[in-house]
Amino acid sequence: LFNKGAIDAPFELVPPITNQGSCFTFLPQKGIVAPNGLQPIKISFSSMLLEPFEEEFQFDVIGSPKPVILTIRGRVTGLSLHFNIDGLHFGDVSFGFPQTLSCRLTNTSVVPITFHLRIPEDGLGQPSVTSFVQVKDNSRPSWVKGTLSQYHMEPVEFTITPSTETIPAEGFQEIEVTLCSNDVGQYNYQMLVDVDDVGEDVLAVPVTARCVVPQLRLLNTTLNFGQCALKVPYQDTLTIVNDSPLPGCYGVLPQKRKTTTPLWYSSPEPCGIIEPYSTAKIPITIEAQALGDH
């Protein structure tokens with residue numbers, strides 16, 4: 001407000017009565033402007049109504065026959081976010097083998113948007129175990145059937161990169177979603193988008209997958225070492241076959257030996273990954289601890 005007069009000008013905002021007018025805040029709403037003085041007024045606006053607007057605001061000035069009128073025009077536009085895909089469909093994934101899909105989140109609105117991505121159905125425990133970690137040690141408890149289900153909290157199986165970011169106006173963000181499944185079965189989840197200063201679940205994209213374990217088989221189920229000397233190591237090879245289109249993870253479990261165990265066995269390379277439609281060789285070492293047939 002600018003006072004062109006020679007005396008003080010007390011002013012006061014006339015409270016707006018329209019719905020859109022009530023979305024505006026003026027600070028200060030009243031005061032005194034000195035002769036030839038200026039009074040800055042801060043105007044704040046926040047609206048959830050997606051429509052154009054034109055509002056007149058009046059300031060009564062003591063001693064003036066007419067109010068001072070300020071007209072504000074504009075348009076409220078909604079946030080416009082969209083993915084370039086209809087869903088993240090992983091298809092069949094092998095237990096413990098990470099698979100990654102990519103998508104793009106585009107902001108077609110005229111303001112920057114800060115988003116947060118989450119998959120509510122994902123677990124809250126430790127990160128899931130990958131096969132590449134699993135094959136480093138054949139004594140890991142997770143080689144034993146059922147041990148993963150003993151954990152109190154389901155593992156975190158999804159990794160979203162980035163999970164939060166600010167997209168500039170009319171910009172986009174490439175996003176990678178990796179699934180490392182430790183749970184055999186079907187996935188019908190959703191990846192939700194939360195937006196700062198707007199709310200949660202602004203956008204959702206389906207996430208589907210099926211986790212399976214490929215059926216591996218042995219080419220020969222018996223190793224015949226023939227006649228062996230006592231406490232002398234001998235080695236032969238097992239051949240494991242993967243007839244499925246998915247990779248597999250295998251491990252020779254450590255032998256539970258006792259003092260009376262007549263035959264010891266082990267493998268210098270007990271663990272490995274076998275590719276789809278392929279075979280793998282597993283060296284097996286034995287050492288007889290007692291005379292006789294075993």
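Predicted model: local features only at pLDDT ≥ 70, side-chain atom pairs only at ≥ 80, totals over all residues.
The C-alpha centres of domain 1 and domain 3 lie 86 Å apart. The protein is divided into domain 1 (2-75), domain 2 (81-212) and domain 3 (216-288), with bounds that come from an automatic or database domain assignment.

Residues are numbered from 1 along each chain as its sequence is written, and side-chain values use heavy atoms, with hydrogens and water left out.

**Strands and their partners**

Strands (E, at least two residues) are DSSP runs numbered from the N terminus, and two of them pair if DSSP finds at least two bridges between them.

| Strands | Sense | Bridges |
|---|---|---|
| S17 (residues 234-242) and S21 (residues 278-288) | antiparallel | nine |
| S19 (residues 263-266) and S21 | antiparallel | four |
| S10 (residues 113-118) and S14 (residues 185-195) | antiparallel | four |
| S14 and S15 (residues 199-212) | antiparallel | ten |

Let us begin with S21. Thr239 has Lys281 in S21 as its bridge partner, and Trp264 stands opposite Glu287 of S21. These strands belong to an open sheet of four strands in the order S16-S17-S21-S19, paired antiparallel. S16 (216-218) and S19 stand at the edges with a single partner strand each, so one side of each has no neighbour in the sheet. From one strand to the next, the twist averages 35 degrees, where axes are lines fitted to C-alpha atoms and angles run from 0 to 180 degrees between N-to-C directions.

Leu117 stands opposite Val193 in S14, while Gly185 faces Cys211 in S15 across the pairing. S14 and S15 form a hairpin with three residues between them, and Asp197 in the turn has a positive phi of about 65 degrees.

**Cysteines**

A search of the whole structure finds zero disulfides, a disulfide being a pair of cysteine sulfur atoms within 2.5 Å. For Cys211, the closest cysteine sulfur is that of Cys180, 8.8 Å away and too far for a bond. Cys211 counts as buried, at 1% relative accessibility, whereas Cys228 is partly exposed with a relative accessible area of 28%. Buried here means under 20% relative accessible area, exposed over 50% and partly exposed in between, with a 1.4 Å probe and protein chains only.

**Aromatic rings**

Rings of Phe, Tyr and Trp (its six-membered ring) pair if their centres lie within 6.5 Å; planes under 30 degrees apart count as stacked, over 60 as edge-to-face and the rest as tilted. By this rule there are twelve aromatic pairs. One of them, Phe158 with Tyr187, is edge-to-face, at 6.1 Å centre to centre and 80 degrees between the planes. The pair links distant parts of the chain, with Phe158 in strand S11 (residues 158-161) and Tyr187 in strand S14, 29 residues apart. Phe158 counts as buried at 7% relative accessibility, and Tyr187 counts as buried at 2%.

Ring pairs also link Phe11, Phe24, Phe26, Phe45, Phe53, Phe57 and Phe59 into a cluster. Finally, Arg104 lies over the face of Phe172, at 4.0 Å from the ring centre; a charge sits over a ring if NZ of Lys or CZ of Arg is within 6 Å of the ring centre and within 35 degrees of the ring normal.
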